[in-house]
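Here is a short report on one protein model. Keep the sequence and the structure in view as you read.

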Amino acid sequence: MLDSLGLDVMTESVYRALLSRPADGVADIAAHLGAAEDDVRGALDRLSGLSLVRPASDDIGQLHPVTPEIGLELLLARQQADLAAQQLRVEASRAAAAQLIAEHASLTPRTGSGVERLEGLDRIRDRLGRLTQSVRGEVMTLAPDGAHHPDSIEAAKNLNGEVLGRGVRMRTIYLDSARNSTHTLAYVNWLAALGGQVRTLPTLPTRLIIVDREQAVIPVNSDNSAAAALVLTSPGTLTALCALFDGLWQSANPLGDGPRHDPEGLTDTETAALRLLATGHTDESIAKRLGVSARTVRRITCGLMERLEARSRFEAGVRAAQRNWVS
């Protein structure tokens with residue numbers, strides 16, 4: 001009956017026996033169930049691991065069952081945490097897909113493989129400039145760098161203005177943190193005024209530019225996008241990268257909308273920070289993923305811990321899972 005909560009038949013039977021006959025020992029439970037004592041001991045070990053039994057305070061060596069009201073709530077909380085972890089693994093898989101494609105492509109022989117490697121920032125910029133000038137219908141971009149430097153904004157304006165003036169569809173996903181940068185927000189609003197479509201997400205998997213769904217440019221190493229990049233033209237690879245972008249676009253927040261809040265009142269950024277905390281990221285790592293300062297991450301973390309009434313990050317993660325904040 002409780003198999004959906006992770007209890008096999010023997011473990012559930014032993015738990016029920018303890019609830020109805022709390023004074024019984026291993027031999028008594030085995031006789032009552034018609035089971036081998038080793039099987040009962042194994043079930044007790046599993047129950048202990050699930051925190052459904054505890055040592056008796058007044059009887060050394062004896063185990064007492066936790067009441068179902070508390071015990072099953074613990075199991076549900078554990079399941080919620082497992083579901084949250086599974087969701088994180090799914091998101092991490094999607095986030096890693098583009099980088100995996102790049103890493104695999106970088107090992108593929110260049111001749112006739114639909115892969116061209118560009119070494120150095122100058123070559124990457126030159127190729128991006130030529131691709132943008134030749135685009136016929138659409139440019140799709142993931143921009144995970146957070147706030148943009150005013151010089152880079154000015155350098156991009158002329159080219160992007162010309163592209164939009166030709167009627168090219170331009171879709172860009174920035175980090176949510178771009179909304180906090182005055183000059184970046186002004187540039188993004190300028191793009192939108194010219195017809196560019198802009199949305200934001202709290203985190204992005206990698207930098208990516210796709211031109212006419214026929215060519216894509218992706219860094220070989222997302223931690224150092226200026227060192228080397230790949231130009232990918234293989235139809236299978238392009239299909240995967242376009243699907244990645246389209247999936248992110250569907251879940252992204254339009255620029256004109258305010259910050260989104262879930263039913264618990266958490267913003268997308270707070271939820272992303274919780275998920276990154278749950279997977280063991282440091283403040284510095286989270287700051288890089290969100291495009292904010294480590295100080296901002298600490299402020300977000302302190303606010304979340306206060307709301308959860310948690311005294312540590314670990315406790316905050318447990319309480320967040322119990323409340324289904326990270327599922």
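Helix α5 has 14 residues. From its first C-alpha to its last, α5 reaches 20 Å, close to the 20 Å expected at 1.5 Å a residue. That expected span is 1.5 Å times one less than the number of residues. Helices here are DSSP runs of H or I with at least four residues, strands are runs of E with at least two, and both are numbered from the N terminus.

This is a predicted model, in which local features need pLDDT of at least 70 and side-chain atom pairs count only at pLDDT 80 or more, while totals for chains, interfaces and linings use all residues. Residues are numbered from 1 along each chain as its sequence is written, and side-chain values use heavy atoms, with hydrogens and water left out.

Which residues of α5 are buried? They are Ile-124, Arg-127, Leu-131 and Thr-132. Buried means under 20% relative accessible area, exposed means over 50%, and partly exposed lies in between (1.4 Å probe, protein chains only). Seen down the axis of α5, the buried residues fall within an arc of 135 degrees, so they line one face of the helix. The arc is taken from the directions that run from the helix axis to the C-beta atoms. The face turned away from the buried side carries the exposed residues Asp-122, Arg-125 and Gln-133.

What do the buried residues of α5 pack against? Their partners are β3 (115-119), α6, β7 (208-211), β8 and β9 (228-232). Contact means heavy atoms within 4.5 Å.

Take Arg-127, in helix α5. Arg-127 counts as buried, at 14% relative accessibility. Leaving aside its neighbours within four places in sequence, Arg-127 is in contact with Glu-116, Leu-118 and Val-231.

Several elements each supply at least two residues of the lining: α5 (121-134), β4 (138-143), α6 (150-165), β5 (169-175), α7 (182-193) and β8 (215-219). The lining divides into 20 nonpolar, nine polar and three charged residues. Here Ala, Val, Leu, Ile, Met, Phe, Trp, Tyr, Cys and Pro count as nonpolar, Asp, Glu, Lys and Arg as charged, and the others, Gly among them, as polar.

**Loops and positive phi**

Arg-213 is found in the loop between β7 and β8. Its phi is positive, about 55 degrees, although Arg-213 is not a glycine. Arg-213 is partly exposed, with a relative accessible area of 36%. Among its contacts beyond four places in sequence are Glu-138, Met-140 and Leu-238.

Glu-309 lies in the loop between α11 (294-308) and α12 (313-322). Phi of Glu-309 is also positive, near 55 degrees. Glu-309 counts as exposed, at 60% relative accessibility. In α12, the buried residues are Glu-315, Ala-316, Ala-320 and Ala-321. After α12 comes Asn-324, with a positive phi near 65 degrees.

Ala-252 sits in the loop between α8 (235-251) and β10 (253-254). Ala-252 is buried, with a relative accessible area of 4%. Beyond four places in sequence, Ala-252 touches residues including Ile-173, Arg-199 and Arg-260.

**Pairs across the sequence**

The table lists some residue pairs.

| Pair | Apart in sequence | C-alpha to C-alpha |
|---|---|---|
| Arg-213 and Leu-238 | 25 residues | 6.6 Å |
| Arg-16 and Pro-65 | 49 residues | 8.9 Å |
| Ala-252 and Ile-173 | 79 residues | 7.4 Å |

Arg-16 is found in helix α1 (residues 9-20).

**The whole chain**

The chain has twelve helices and ten strands. Of its 327 residues, 40% count as buried. Among contacts between residues at least 6 apart in sequence, 68% join residues at least 24 apart.
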